[in-house]
There are 2 protein chains.
Amino acid sequence: MFSAAHLYDGTPPAVMTIAGTDSSGGAGVQADLKAFTTLGCYGTSIITAMTAQNTTGVQNVHPSPPEFVRQQLNSVLSDIKIQAIKTGMLFDAGNTLAVATGLKAHFGGPSLPTMPPLVCDPVCVSTSGHTLLQSDAVKVMITDLFPITTLVTPNSQEAELILSQDGQQININSLEDMVSAAKKLRDLGPAAVLLKGGHISITMKDVERACSLNADIELVQDGLLEDNMEILQVAETDPSTWQLAVDVLHQKNGVTTIFVRPRIDSTSTHGTGCTLSAAIACALAKGHNIKDATRLGTTYTHTGIEMAFPVGSGYGPLNHMHSIILRSIPLPTPSIPHPFTRLLIQATSGIWKAYVEHDFVRQLGEGTLPRECFIHFIKQDYHYLKYYGRAYALLGAKSPSFPAIHASAQTMLNVVTEVKTHASFCAQWGVSRKELEITPESPATTAYGAFIMDTGLQGDRSKLVMALAACLLGYGEVGLWLRKEASKPNSWVKWEGNPYLKWMEDYSGEHYQNAVRTGLEAIEMEAVADPPSRARFNEWVRIWGRCTTLEKGFWDMAMGLL
Amino acid sequence: MFSAAHLYDGTPPAVMTIAGTDSSGGAGVQADLKAFTTLGCYGTSIITAMTAQNTTGVQNVHPSPPEFVRQQLNSVLSDIKIQAIKTGMLFDAGNTLAVATGLKAHFGGPSLPTMPPLVCDPVCVSTSGHTLLQSDAVKVMITDLFPITTLVTPNSQEAELILSQDGQQININSLEDMVSAAKKLRDLGPAAVLLKGGHISITMKDVERACSLNADIELVQDGLLEDNMEILQVAETDPSTWQLAVDVLHQKNGVTTIFVRPRIDSTSTHGTGCTLSAAIACALAKGHNIKDATRLGTTYTHTGIEMAFPVGSGYGPLNHMHSIILRSIPLPTPSIPHPFTRLLIQATSGIWKAYVEHDFVRQLGEGTLPRECFIHFIKQDYHYLKYYGRAYALLGAKSPSFPAIHASAQTMLNVVTEVKTHASFCAQWGVSRKELEITPESPATTAYGAFIMDTGLQGDRSKLVMALAACLLGYGEVGLWLRKEASKPNSWVKWEGNPYLKWMEDYSGEHYQNAVRTGLEAIEMEAVADPPSRARFNEWVRIWGRCTTLEKGFWDMAMGLL
């Protein structure tokens, strides 16, 4: 699944399980739905029987009437396009027949849609010994279900039971037995058979012997080391002596594939078979062939066993959630198009408010800000703009595409233009270009400017985008806030006649607000194009929060003439 | 959920749903299990009834016998520690009573564990009009279940039905009605009531009036804009005129909270109520209080509606998978401790093999490599080492911690020491230090060295780690491969007496292999500490593949004396 199409690259394929339930959530329909979801598929389910069950065993079974199984099948298949199906516990002959006839009524006949891939996990007996498929149902499964099955996935015990239906005694104790049994099972009608060898002791020597005896056998040792992986040889022991878990796939085309991985010593195996067939169904729904689907399914299941966390006092469930990460930032939606910026503001609401509603801003809005504070501010802003221009140059140097390089260049040009405007604005306040140049840089200016450059040096493009955001968005917020307050009756904001009118008009004006909108989209795009892990998200918030603090410090500096 | 503890920060909490099933997967137990899983919780389920259902309606219902509901409850509660419970469709009086008495038998009494938070979604009628709770069951729910309920979550229709049990007619058509009904529902016993107003038309003016009339009302406008978010005002219309979806939470402490968000025009609302109560249960299981849990649950559900993809021909399900990302790299397990390095090698197997089994390596192993090729190689390697040292300096400059700075400094010192050894090694081959200095740098050397530096400039620490990996790991692989081949009978590798013996001994030796192991762990740690999105993973593979190609080019250069 790790190589498969990514979630939200499109509509998740819909898949279906036809199986029994497990109240404790580790096996059956529950395990299937968890596997479907964590593999990016939309799950539907037809319940053949309910069980009262936990990690110590099956306490009771309550089967569905066959007619109700048919009704569930009709409800789903008449409404939803299903891309793959798996069957698990079918319980009795009536339900098994209901499933087979139900599927045939919807698929494969004249003027009916093609049957989607069907994985049949022939669940017969629970690990704890509870009968999950009545004996007369086995025959129905073979005669009615196998012929429309893409892949049947018995363990050795189930294979023995199925193959002994014609009266002969079959024992599966070795890899040779497995290969031979897989071929016999294939003769019963399914397009392919995956015989699971979890309970049979096999070593690498056995595998090599089987391969040397049969040219039609290919080996997939995903769980062991492949060629040119000497450096990954970390185990102390020679793998040729390891106990292996081996699954044998035999397909209609005559090819036998042996999947080899180390045997894991674990009690978290509840629901392993259910999960494997569900994961294979997902891979088939995504368009993988049977061999690749088997490889993906066995890897998913195996990792789930190894990543299990404790549940219950018996054989606990494997962990279905190992394949997913929880999103740190929600996806943008029509009603919340800027979830990331919103989270940044919410995560730093105190300091953000202290910045955008700073006394400097309030007094500026009132028109009462001391002239010398404003002059100190615009002189330091001149120095800051140099950092700002350089930071966009660094962003350009870190850009992967021409549009990104273009955007950086454009901002650098804008900064240079703004410096000219800024200088003539300063001149109106009696500050010459020369005075701007010779004014010493305040520590607050250096702290802010150098922090942005340092962030840009240390991190990637996205970190620098975060560092540059607090300035762009904060001044935009200040502009809009002042204009909004000014529009209220008897406002504290003095608009006309305010000595700082031009400053307020600039930051609340269309030109600057367009830049804010572009910046907002850029920030959101970082999160959509490369959804951050929790660690990266925290780092982004830290940078944003630091810059917000440094912005507040910049106005503290102006007010204190520091 | 986005602010909640992250998956794999510990064991996921186990939660339980007690509800009916939905074969089409969008509502009921299936929706609950999907919500649990995508919110990082372990889901268990007690089935009260099965339905044959799809997006167009409920076709049939098959209830569980009350005794079987009790058995399922016993199976789960006797084995698994449940951190939160939700109830959905209970169907009839018998099952409602079985649930209430079953829970009381396990929790809350003398010498029994404390009752975990219980969210009761009083599902009564399906959207399509199907009765999901028989009328005599409503009374049982009120008398037996409400007193042990943490939060009951009716919609207005269900609230009307519950409140009219004592004969009086209740109509809920406005926000005032909602607030008043929520208080009356609270009087029936639950610790808190969340009255969902999805079907009632309310504007911001209504909300402001309600807040001004009642000092005990607080407002949560997560779905709208909060203070200091003027820049996020992207809609064209004034939000005060919007149609809102409003939920009213009333708690035992007398506080009423109004949750406000824009009304969404969507037909993907199948399973909304189930999902909301399931998501709230997850948040409660993680330790959030009722208000925060409600905020998280409503946001999750709302986003699910907005992110819905098409399923079925009627009212489709919301999207439960919006909160997750599929992992690009599996987590390390005991049997596969280096999954990321393995993926890198598998993703570039062709070029990796061409690099580590290059003719240069083969001839070197045979001892037949022309002397001038080897000399050309070691002269260029001298230039390459300068890039290598500088690249680790850059890595140091990008390091966030003293251990990381220390590791970079140590590698830089190792490079400087290696240069001395390299120079005396070269001297043995008749190449003086001076000749090393004046040898022009080959384009292949510049390409490789400058690519590493450029990658380091462009990206963050992790990108530079990927760029440095192909050299470290590749030479380790070559050393181990040659040693392994040499150990075979009649090997093509000439070990003793090989003119390049020292080179082979160095790279297969303990000292270098220890460095390989440290490098391997560092690469894996990048993926574990900051699991990459698909885009980042592809970028890492691209860099690794490029460096592998440039390594091969380095040996092409040596063979061609370019």
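**Tour of a predicted two-chain model**

Start with helix H1 of chain B, residues 28-38: 11 of its 11 residues are buried, so the helix is largely enclosed by the rest of the structure. Buried means under 20% relative accessible area (1.4 Å probe, protein chains only); helices are DSSP runs of H or I with at least four residues, numbered from the N terminus. This is a predicted model, in which local features need pLDDT of at least 70, side-chain atom pairs count only at pLDDT 80 or more, and totals for chains, interfaces and linings use all residues. Residues are numbered from 1 along each chain as its sequence is written, chains are lettered from A and ligands numbered from 1 in the order in which they are written, and side-chain values use heavy atoms, with hydrogens and water left out.

Within H1(B), the buried residues include B:Asp32, B:Lys34 and B:Phe36. Step just past the helix to B:Gly40, which takes a positive phi of about 80 degrees.

Next, select B:Leu103. Beyond its neighbours within four places in sequence, B:Leu103 is in contact (heavy atoms within 4.5 Å) with residues including B:Ile18, B:Leu73, B:Met115 and B:Ile148. B:Leu103 is also among the residues with the most contacts inside the largest nonpolar core, along with A:Leu103, A:Leu175 and B:Leu175; this core has 122 residues. A nonpolar core is a set of buried Ala, Val, Leu, Ile, Met, Phe, Trp, Tyr and Cys residues joined through side-chain atoms within 4.5 Å.

Finally, display both chains. For the interface, 100% of the interface residues of chain B are also interface residues in chain A, so the copies meet through the same surface.

Terms used. Buried means under 20% relative accessible area, exposed over 50%, partly exposed in between (1.4 Å probe, protein chains only). Helices (H or I, at least four residues) and strands (E, at least two) are DSSP runs, numbered from the N terminus.
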